[in-house]
Amino acid sequence: MTSRADYDVHVRLDEMVEMRDGVRLATDVYRPAVDGEPVSEPLPALVSRTPYGKRGEMGRHGEWFAERGYVVAIQDCRGRFESEGRFRMFVDEPEDGYDTVEWVADRPYCDGQVGTVGSSYGAWVQSGLATQDPPHLSAMFVNQGPSNGREATLRHNGAFELRWLCWALTLGGGFAQRALDDPALQEHLANVDVREVLSESPIQRGQSPLRHLPEYEDWLFELLTTGAADEGPWSSPAIDFEAHYDGMADVPTVYSGAWYDSYTIGTCRNFAALSERAESDQFLLVGPWTHGWNEYPLSSWTKTYSGEAEFGEDALVDYQETRLRFFDRYLKGEDTWDEPPVRYYLMGTGDGSRHADDRIRHGGRWETADEWPLPAVEPTRLYARGDGRLTRDPAVATDAGTTYTFDPDDPVPTVGGNTSSYVTFEPREESLLEYPLAERHLVNITGSGGYDQRTRPDTFGADPPYGPLEHRNDVVVFRTPPLTEDLRVAGPVTVRLYASTTAPDTDFTAKLIDEYPPGDGFDDGFALNLTDSVVRARFRGDRDAPDFVEPGEVAEYELDLYPTANVFRRGHRVRLDVSSSNFPRFDVNPNTGGPLYGDRTRRTAENTIRHDDAHPTHVELPVVPE
């Protein structure tokens, strides 16, 4: 049902809200109005805090909710756009969020109830302020956010997600206050091709395009060069929400996300942990989409596809109306929300034919549940065998392994997946006056979502001849025989590798694939990626501190892949790809055991995946009984 706009809108722009340390943050306040005058009765309020500028699409969100009876405060984060102070990624958001919620609650036009909204960075700031438990925080709609930035989001089991380097060079540095005030600096950043920076990485402090923005370079290098739990910002309530769950605000919350989002693991972990702790209602909503929300009033929720995977009209959800129904229930007491605790999209029920836009009809349907992870799943192990099979029976060999050479100068290219912010500004001849940075298109470097796992001429880092990633010598493939019946999987996926290396440090990657047989418009079949992960050898096991491996010794590596929900259809194969790189999704390990980031010395490593009775490499799937 489509809601009705009952009010006009009155807006007060750039109200400067003072934080506890005296820094003032610019805030636009949208209020319901009648005949141009704001209504006098106190109303519930919504707060959205953003580093991307509070006008434009954000402002239209504010107008939309104000037309439906909410006070809406949209704020530039500290040090961004019109707000005072110094921007330090995430660091100041918990306290600033607390102060903003309480400031809004204290306004005479607010009835004391404050909800929060936001996606991506706007989800970070919500969870951050929730760790401070503001007295007037009343409900949250957290779309596409993390749980522990060190374990999966900023770093990923020790490896760095290079999207933050890309972000710093584009949406970060390009719109820094100093860049906005200095057209020459903004022009310089607008002309940076992030693909060239990635190709020449690792970058060096003082030599990157961020050298003109030292405060941005500082926080980026802190993230790049620190990995232990007691280093840098990793234990902060701004980054590690898991460590602060017990003190989190207990308010009705929706954790929403997508199977191909860069925050899927955080979305699901937040719900799983906080639904157990909270007395208030908690909800999980996960669709088959990618990361994003910024096409007003739409979002990635309104796309029928992710990458090359087509899901159909059934996958569509109205982002705005869903949020409105939630807040109408929990801030206004209306009978608008009857959602189950868990609603997720089970992918893979399509016929696999070719869509008109050359996507594969992967299809799917919505499912509901009372808990997540699903209580009725059967953890099912598929074991790697020396002949390349995945079987339910473990290997019986006494000494077996598959060895490949990992050359950090020739990493495996990223082809889609749980990615976001791997972008660069489109190259343009026009000046900023002719074509402002805010209007320039962003070029996706890696692709986002499900893709046939093969390189093409536009694949970043790929060289001819292009083709399936499995044809590379450094990708080890294990697959089941064609399935004789459908296999339904929903929940967290774990890969346990037993491996050795000739290097003091290296990486191991794992990727779960739904392998279609040839036919229906895809003569060579279709290898659809579902989820993946990486682990840096020095951070295996006890990942709080580095622990280098002994070359030649077999070690155990546990990789928590992002959760997923998929039906592997009869005739398909479950496939596991193992390698040691996925670039630029993750930074490339030089295999030297040197600094965590910045070592320009590189060496090849001989990495061996073990698959024998003593070292049963396997993937564990959460199988849902039919």
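The model is a predicted one.

Residues T264, I265, G266, T267, C268, N270, F271, A272, A273 and L274 are the buried positions in α9. Because 10 of the 14 residues of α9 are buried, the helix is largely enclosed by the rest of the structure. Helix α9 covers residues 264-277, and at 1.5 Å a residue its 14 residues should span 20 Å. The end C-alpha atoms of α9 are 20 Å apart, in agreement with that value.

In soluble globular proteins, nonpolar side chains tend to be buried together. Here the largest nonpolar core has 167 residues, and Y344, W372, Y557 and L621 have the most contacts inside it. Apart from this core lies another, of 6 residues, including V412, V415, Y451 and V475.

With neighbours within four places in sequence left aside, Y344 is in contact with W259, V286, R365, W366, E367, W372, L374, R488, A490 and A565.

## D532 in strand β25

D532 is located in strand β25, which runs over residues 526-536. Its relative accessible area is 5%; D532 therefore counts as buried, the cut-off being under 20%.

The side chain of D532 makes polar contacts with two side chains: that of R585 at 3.0 Å and that of N582 at 3.3 Å. Leaving aside neighbours within four places in sequence, the residues in contact with D532 are A510, K511, L561, Y562, N582 and R585.

Methods: Residues numbered from 1 in each chain as written. Predicted model: local features only at pLDDT ≥ 70, side-chain atom pairs only at ≥ 80, totals over all residues. Heavy atoms only, no water. Helix = DSSP H or I, 4+ residues; strand = E, 2+ residues; numbered from the N terminus. Expected span 1.5 Å × (residues − 1). Buried < 20%, exposed > 50% of the residue type's maximum accessible area, 1.4 Å probe, protein only. Core = buried A, V, L, I, M, F, W, Y, C linked by side-chain atoms within 4.5 Å. Contact = heavy atoms within 4.5 Å. Polar contact = N/O pair within 3.5 Å; in protein donor to acceptor, adjacent residues only side chain to side chain.
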